[in-house]
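Hello,

Here is the structure we spoke about, with notes on what turned up in it. Please look it over when you have a moment.

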Amino acid sequence: MTITEPTAGTGGHDLLPGDWEMVIGLEVHAELATATKMFSPAANTFGGEPNTNVHPVCLGLPGTLPVVNRRAVELGIRIGLALECTVQRCVFARKNYFYPDMPKDYQISQYELALNVDGRLELADGSVIGVERAHLEEDTGKSTHVGDSGRIHDAGYSLVDYNRAGVPLIEIVSRPDLRDPEQAKSYVEELRAILVAVGASDGKMEEGSLRVDANVSVRPAGADELRTRCEIKNVNSLRSLGRAITYEARRHVDLYEAGDAPRQETRHWDEEDGRTRAGRSKEEAEDYRYFDDPDLVPIDPSPEWIEEIRAALPALPRQRRQALIERGAPAAGAALAVERDLDGLAMAAIEAGAEPERTVTHVANNLAVDGAESLDANHFAELVTMETEGALTATQAKQVLADMVETGRDPATIAADKGFEAMDTGELETLLDQVIAEHPDEWSRFKEGEAKLQGMFVGQIMKATKGQADGKLLNQLLGRKAAE
Amino acid sequence: MSDPIAAPRTATDIAAAVADGSVAAVSIVEDHLDRIAADDGEIHAFNTVAAEDARQAAAEIDAAIAAGTAVGPLAGVPIALKDNFCTSGVTTTCSSRILQDWVPPYDATVVERLRAAGAILVGKTNLDEFAMGSSTENSAFGPTRNPLDTSRVPGGSSGGSAAAVAAGFAPLSFGSDTGGSIRQPASLCGVVGLKPTYGAVSRYGLIAFASSLDQIGPFSTTVADAALAFDVIAGHDPRDSTSIDRKLQAVTPALGAGVEGLRVGIVSELTARDLAGFEPEVVDRATEAAEALGDAGAKVEEVSIPSAIAGLAAYYMIAPAEASSNLARYDGVRYGRREPGVNTAAMMQASRTAGFGDEVKRRIMLGTYALSAGYYDAFYGKAQRLRTRMIEDFERVYADFDVLLSPTSPCVAFPFGAKADPLTMYYNDVCTIPSNLTGHPAISVPFGTGADGLPVGVQVMGPMLAEADLFRVATVLEQAAPPATPPSGASR
């Protein structure tokens with residue numbers, strides 16, 4: 001068990017009126033990257049013709065019984081260990097409610113005893129968010145409403161696709177430790193990176209394999225209390241998450257300042273209108289009648305199995321970023337390199353002697369992820385060194401890099417082939433004087449302050465040198481000559 | 001009744017005769033289909049008779065034997081299955097309007113195993129809707145009549161399967177037992193009925209009533225046939241997570257082992273003469289059965305298990321609670337009956353209102369209430385604690401006894417409508433429910449007659465996986481049973 005430390009976060013002061021702060025907890029659902037569904041032999045694949053990835057078990061046909069997918073449990077444990085949770089004996093329970101895209105009209109989930117409890121997640125900025133639990137459950141199908149215009153005489157109907165029904169999910173519930181929308185977004189980004197890193201999920205928010213619900217409340221800044229929260233659903237992107245949290249927190253503040261108070265409810269984010277709306281009313285509030293699923297037996301992962309999974313865990317994003325930073329890479333570049341999964345290449349190049357900052361810049365900005373895995377780390381290190389030692393300009397280095405990825409040749413050969421030799425200042429100055437002589441009018445207008453003409457001069461030089469001129473040096477020269 | 005079928009009559013004898021080629025499976029099947037055609041109009045044991053499928057399966061068995069191919073232990077044996085077993089391509093209704101025309105796309109594990117053993121499905125038998133009842137009067141398609149006295153119920157909920165064997169429609173049938181639904185109708189119809197250890201037989205493909213209590217078992221006219229059937233259907237199934245994951249010993253070899261030295265306990269709470277609803281003849285037969293076992297060398301003693309009676313209350317919380325969830329899926333969306341509604345919720349509500357009968361609705365409501373927020377601890381939680389205590393009590397008793405004895409049902413077959421009050425009907429399960437709550441096996445064996453010459457069944461209970469001991473005791477009781485005098489109602 002780990003103790004949650006106090007978190008950073010601005011409290012959203014800049015977003016809220018008065019002396020209020022936000023209290024945010026997130027529930028993240030992620031689809032697990034298994035071959036088959038949580039309790040059924042049907043394939044777990046995205047897309048496909050409706051109702052083709054189905055089997056009597058995930059259709060909930062009478063007489064069928066669920067059997068736990070061992071791989072889903074293993075991925076669940078990986079996630080639990082990556083989030084520093086206690087992995088424990090767990091029990092599947094039924095969550096009972098009627099819904100047409102849920103084949104059994106109950107969802108198999110975990111209620112009192114979850115697979116993973118009491119974890120923590122450290123964000124890129126060093127703040128630590130508590131993880132209450134991460135439990136396994138099954139996904140529902142999808143309904144499409146046809147002809148549902150809302151007009152009373154419109155004969156609407158619904159189509160249901162059960163391809164997604166029974167897909168394994170992990171629900172990761174944070175503690176209410178988040179204090180502003182940016183922090184909430186970085187929590188989701190970090191969690192997503194972990195899920196991808198441990199191979200548990202593809203983490204695609206746009207395909208719905210990662211879904212986020214936000215529990216939002218507010219309180220006087222610095223207070224300890226937890227006030228009434230609302231659960232915001234239907235948040236489909238990180239941007240929406242930030243907007244929805246801000247809207248909801250302001251709504252709460254408005255209510256309190258008007259002498260009123262929010263009531264605990266589920267609300268839906270309306271992306272178009274930029275506001276949340278109440279879901280089902282209190283009268284319809286569900287009693288899920290949870291009870292242990294008698295069709296399943298408790299899962300009690302052995303300590304040996306847990307240790308085996310722990311030993312096979314890959315380095316986590318936080319550890320990988322840290323490793324690059326310790327070798328001298330700037331934090332932002334390191335983060336991007338890890339996000340793009342190219343930190344291994346960067347590290348190898350740095351170890352081969354490349355300058356860390358230039359190395360991560362290339363990895364973060366100039367390398368396409370596709371093909372980069374074929375890049376030889378020593379060649380890459382040579383390229384960075386050629387650039388930092390002045391043998392290549394930044395522009396030339398980018399071109400050589402692209403050629404390296406394409407052909408696999410070494411940078412020196414490519415540079416020689418392309419005729420790349422860094423020009424010294426003298427050559428460039430001579431060339432610039434010629435161009436100025438050819439364009440006297442423009443030059444005097446430029447000297448008088450018509451700054452946009454700088455592009456014309458740079459363009460002429462680049463044309464004459466076939467792009468080999470050092471842009472930074474050229475700009476310095478232009479500035480100096482104009483001031484003469 | 002039509003003329004008796006020429007020998008062989010039992011599953012054991014039929015399988016032997018078919019296997020050695022002395023009788024054709026097709027003629028066995030035709031004999032039984034004839035009998036069904038003649039008498040089932042009155043008895044109504046069957047919801048569906050699969051005559052053509054049965055003839056074809058029989059022809060295949062005969063062809064296999066002619067070709068010298070090895071056949072299974074039930075080759076050519078006609079079987080009837082309770083209409084809550086999923087049978088691929090054969091309508092499976094649970095005797096409910098909500099599944100009236102539903103045809104499963106798959107076979108239950110038990111059905112697969114029976115087919116692989118050479119058994120021939122002749123039809124699907126009537127039951128109390130979704131197995132909820134003790135008389136088969138709750139079927140949406142009308143009641144089944146007791147073949148021994150057609151003015152009386154066959155018991156339930158597997159009344160159709162019990163009646164099918166008693167009427168000679170099939171030598172072997174199968175039912176499900178959640179609170180006594182195999183043993184009680186076996187007792188009322190004068191046949192053998194086994195509820196195996198929970199987890200000994202796969203539930204995959206058995207349409208659930210109460211998942212933690214349901215168990216599949218056989219009906220037969222002889223103890224040996226029940227043992228043969230159990231050996232075919234028992235064993236681990238990876239598709240049922242509650243299935244016992246170990247190799248089970250065959251029980252057939254234990255049949256003749258006798259009861260010398262076996263420790264037999266008579267449960268005093270279930271044989272007390274002052275218990276309401278217990279007919280004195282029924283208690284007498286149980287006492288005589290114990291004496292017969294003593295004569296055969298068993299050590300017989302009375303034993304008190306106070307929680308045994310309390311099982312009834314726990315059962316009628318736990319079973320409806322599980323049922324309320326298991327039966328949620330019948331909502332008109334994917335299969336089964338659908339009634340129109342202005343929106344999805346209204347459609348679901350209308351379909352369930354029209355599709356379920358009163359007893360099913362009653363139990364769904366009871367169960368929903370028992371699981372509701374604020375009531376869970378007082379009802380469902382308390383019932384589970386009582387169940388745990390009962391298991392401990394029985395385990396403790398089984399440290400000193402190999403098997404326990406009691407009547408199966410407090411009474412013999414009763415007339416239609418005699419127990420219209422649900423609580424009176426529920427009380428009928430008092431002797432059988434403990435074994436469902438504990439998960440232990442129990443068998444009902446005919447042992448003489450009670451009021452009006454109707455059969456009485458004696459129940460033998462044992463600890464987990466003690467089926468072999470139950471069959472040893474049942475065989476001795478079968479041999480010691482007083483000759484059955486046919487009741488007046490049988491002379492039709």
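**The interface and chain A**

Chain A and chain B bury about 2,600 Å² between them, and carbon and sulfur atoms give 58% of that area. On the chain A side, the residues that lose the most area to chain B are Pro62(A), Leu65(A) and Arg289(A), which together make up 24% of what that side buries. Please keep in mind that this is a predicted model.

Counted by residues, the interface brings 31 residues of chain A into contact with 39 residues of chain B.

As for polar interactions, 17 residue pairs are in polar contact across the interface of chain A and chain B, with both residues at pLDDT 80 or more. The side of chain A that touches chain B is made up of 20 nonpolar, 5 polar and 6 charged residues. The rule also finds 2 salt bridges across this interface. A salt bridge joins the side chains of Asp295(A) and Arg203(B), with an N to O distance of 3.2 Å.

Turning to chain A by itself, its secondary structure consists of 16 helices and 14 strands. The C-alpha trace of chain A spans about 85 × 55 × 50 Å along its principal axes. Chain A has 484 residues, of which 49% count as buried. Taking the contacts in chain A between residues at least 6 apart in sequence, 69% join residues at least 24 apart.

Regards

How values were computed:
Residues numbered from 1 in each chain as written. Chains lettered and ligands numbered in written order. Predicted model: local features only at pLDDT ≥ 70, side-chain atom pairs only at ≥ 80, totals over all residues. Heavy atoms only, no water. Contact = heavy atoms within 4.5 Å. Buried area = accessible area lost by both parts, 1.4 Å probe. Salt bridge = Lys/Arg side-chain N within 4 Å of Asp/Glu carboxyl O. Polar contact = N/O pair within 3.5 Å; in protein donor to acceptor, adjacent residues only side chain to side chain. Nonpolar A, V, L, I, M, F, W, Y, C, P; charged D, E, K, R; others polar. Helix = DSSP H or I, 4+ residues; strand = E, 2+ residues; numbered from the N terminus. Buried < 20%, exposed > 50% of the residue type's maximum accessible area, 1.4 Å probe, protein only.
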